Amino acid sequence: MSGSTWRRLVICIAVAAVFGVISSKTGIVGWQTALAAVGEQAADGPAGEVPNFVIIFTDDQGYQDVGCFGSPDIRTPNLDRMAAEGMKFTDFYVTAPVCSPSRASLMTGSYCDRVSVTRVFFPRDNTGLHPNEITIAELLQTRGYATACIGKWHLGHLPPFLPTNQGFDYYFGIPYSNDMSIERDGKRGPPVYRNDQIVEHPAEQATLTKRYTEEAVKFIEQNRQRPFFLYLAHTMPHVPLAASEAFLGKSKRGLYGDVIEEIDWSVGQVLEALRRLGLSEKTIVVFTSDNGPWLIMKKHGGSALPLRDGKGTLYEGGMRVPCIMWGPGRIPAGKTCSEVAATIDILPTFAALAGAKLPEDRIIDGKDIWPLMSGQPGAKSPHQAFFYRRNGVRAGNWKLLLTAAKPAQSAAKPGEKQPPKSADAPDSKAGQSQTAKPAAAPPTVELYDLATDIGEKNNLAEQHPDVVERLRKLLQDHNAEINKNQRPQGVVEPSP
Ligand SMILES: [Ca+2]
């Protein structure tokens with residue numbers, strides 16, 4: 001299909017969406033109805049001042065790649081200060097070890113398998129997060145929030161899927177990963193969008209972190225008088241790495257360290273803007289990463305130590321990410337939370353704080369974790385079980401993984417060289433549902449006690465068959481329930 005045909009098709013779909021005439025594929029009519037209902041319910045929410053929200057989301061930053069999470073050679077004074085003034089989460093998870101599925105969950109509060117975003121999106125794809133999904137931004141818009149997405153989106157680049165059609169008033173950034181390209185005027189590289197238009201191609205990557213930061217600060221300044229939600233999703237440290245001149249060659253950890261130190265500077269700029277504008281006690285800031293480090297990139301990848309493995313695997317290194325939450329006056333200073341929490345919890349938590357009622361026509365997997373964030377004594381994780389895609393489960397400190405159902409990269413033992421296969425490659429099974437074609441061999445079983453074995457080195461499956469069976473049942477029930485209540489991925493169909 002030619003570019004112009006695509007454009008015509010997409011324009012037709014977008015126009016049709018505006019007038020609500022598409023219902024079978026995109027469910028736009030249902031979306032409008034559902035959101036209107038949410039808005040009406042939300043009007044009954046608590047009165048008084050609601051907090052602003054900022055999510056700073058990095059790409060492929062490892063569990064160890066923050067000073068206060070143990071990095072031996074990357075300096076992050078601003079993140080360390082953020083943790084000292086706020087709360088560090090040590091057992092914080094994403095729902096998939098690759099970009100798009102992880103982001104789908106952050107935006108919807110739902111497991112990625114529930115919203116059928118099970119692999120990363122590519123520039124040639126006609127798919128995206130379904131417009132019928134209700135994102136954090138859409139929920140907060142019902143409460144009068146100004147919303148902006150600055151940075152990497154990666155939930156579909158065709159018009160119906162762009163941030164401006166998923167609840168964001170404003171978008172500036174690249175629509176997918178920075179190693180993905182389109183060709184325009186004989187040049188290749190990722191485009192930069194402002195709202196729904198390409199304004200730069202190829203993206204000048206070395207200044208992206210700096211420019212995202214300037215855009216973020218500007219958005220905060222412009223909306224200081226009203227509640228706002230800023231989703232600042234850095235392109236870095238996904239490869240190809242790039243840092244601006246001020247940071248190039250400055251860290252002890254090579255270019256990867258330079259990139260993280262520039263992100264740390266960016267965090268400092270955002271927090272400083274909030275302080276300068278008198279908003280620090282009116283704002284909650286969450287910092288985390290979309291998945292573990294891309295270890296096959298060696299020096300251009302990060303570290304998840306002491307966790308096992310990294311991006312593309314369901315070991316802790318792929319799924320557990322550094323997380324800091326900050327909200328002076330609301331979130332206690334200098335605390336550490338070791339309860340299980342996840343990106344799916346952010347939507348219900350923010351919704352509750354903003355007085356927005358959750359939609360009742362669908363299952364939201366996340367839970368309100370305000371008791372954890374606000375440091376209530378004895379607060380426990382709301383998750384009896386947390387699921388690693390369809391193939392693993394953590395209940396308390398026990399973690400069960402069904403090996404035959406795991407991505408290929410996971411075959412690597414800690415410290416071993418991994419197969420040189422991109423987790424973002426289109427044919428990669430990394431992070432994908434493996435249930436379509438059951439393995440011929442019976443699945444081997446791994447059971448770890450994360451309390452005593454954070455590095456997942458000692459498989460205790462044979463010693464604790466009772467625990468294996470209990471967790472296997474949890475996983476089976478979860479998968480059966482997801483199968484029953486799965487929502488579709490968004491598809492823009494070519495016209496007949
Ligand atoms: Ca990523």
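1. E17 covers residues 392-395 and is joined to E16 by three bridges, the two running antiparallel. Helices (H or I, at least four residues) and strands (E, at least two) are DSSP runs, numbered from the N terminus.

2. Before going further, please keep in mind that this is a predicted model, in which local features need pLDDT of at least 70, side-chain atom pairs count only at pLDDT 80 or more, and totals for chains, interfaces and linings use all residues. Residues are numbered from 1 along each chain as its sequence is written.

3. E16 and E17 belong to an open sheet of four strands, ordered E16-E17-E18-E19 with antiparallel pairing. Strand E16 (386-388) and strand E19 (445-449) are at the edges with a single partner strand each, so one side of each has no neighbour in the sheet. On average, neighbouring strands here are turned by 15 degrees against each other, direction ignored. Two strands count as paired if DSSP finds at least two bridges between them.

4. What packs on this sheet? Helix H11 (residues 465-484) does, touching E16, E17, strand E18 (398-402) and E19. The direction of H11 makes about 65 degrees with that of E18. For such values, axes are lines fitted to C-alpha atoms, for helices over the stretch in contact, and angles run from 0 to 180 degrees between N-to-C directions.

5. There is also an open sheet of 10 strands, with mixed pairing and the order E10-E9-E6-E5-E11-E1-E12-E13-E2-E14. Its edge strands, each pairing on one side only, are strand E10 (197-200) and strand E14 (335-337). Neighbouring strands of this sheet are turned by 20 degrees against each other on average, direction ignored. Within the sheet, strand E5 (residues 146-151) and strand E11 (residues 228-233) run parallel and are joined by six bridges. Ala148 has Leu230 in E11 as its bridge partner.

6. From H3, Pro77, Asn78, Leu79 and Met82 meet Asp264, Trp265, Val267, Gly268 and Leu271 of H7. A contact here means C-beta atoms, placed from the backbone, within 7 Å. The residues of this contact divide into six nonpolar, two polar and one charged.

7. H7 has another partner in helix H6 (residues 208-222), at an angle of about 10 degrees and with the axes 10 Å apart. That makes H6 roughly parallel to H7, a label used for angles under 35 degrees. Among the H6 residues in the contact are Thr213, Val217 and Ile220, and those of H7 include Ile263, Ser266 and Val270. The contact has seven nonpolar, four polar and two charged residues.

8. A word on confidence: the mean pLDDT of the chain is 87, and 82% of its residues reach 70 or more. pLDDT is the predictor's confidence in each residue, from 0 to 100. Over residues 408-439 the pLDDT stays under 50. Where pLDDT is low, the predicted coordinates should not be read in detail.

Key. Two residues are in contact if their C-beta atoms, placed from the backbone, lie within 7 Å. Ala, Val, Leu, Ile, Met, Phe, Trp, Tyr, Cys and Pro count as nonpolar, Asp, Glu, Lys and Arg as charged, and the others, Gly among them, as polar. Angles under 35 degrees count as roughly parallel, over 145 as roughly antiparallel, 65 to 115 as roughly perpendicular and the rest as oblique.
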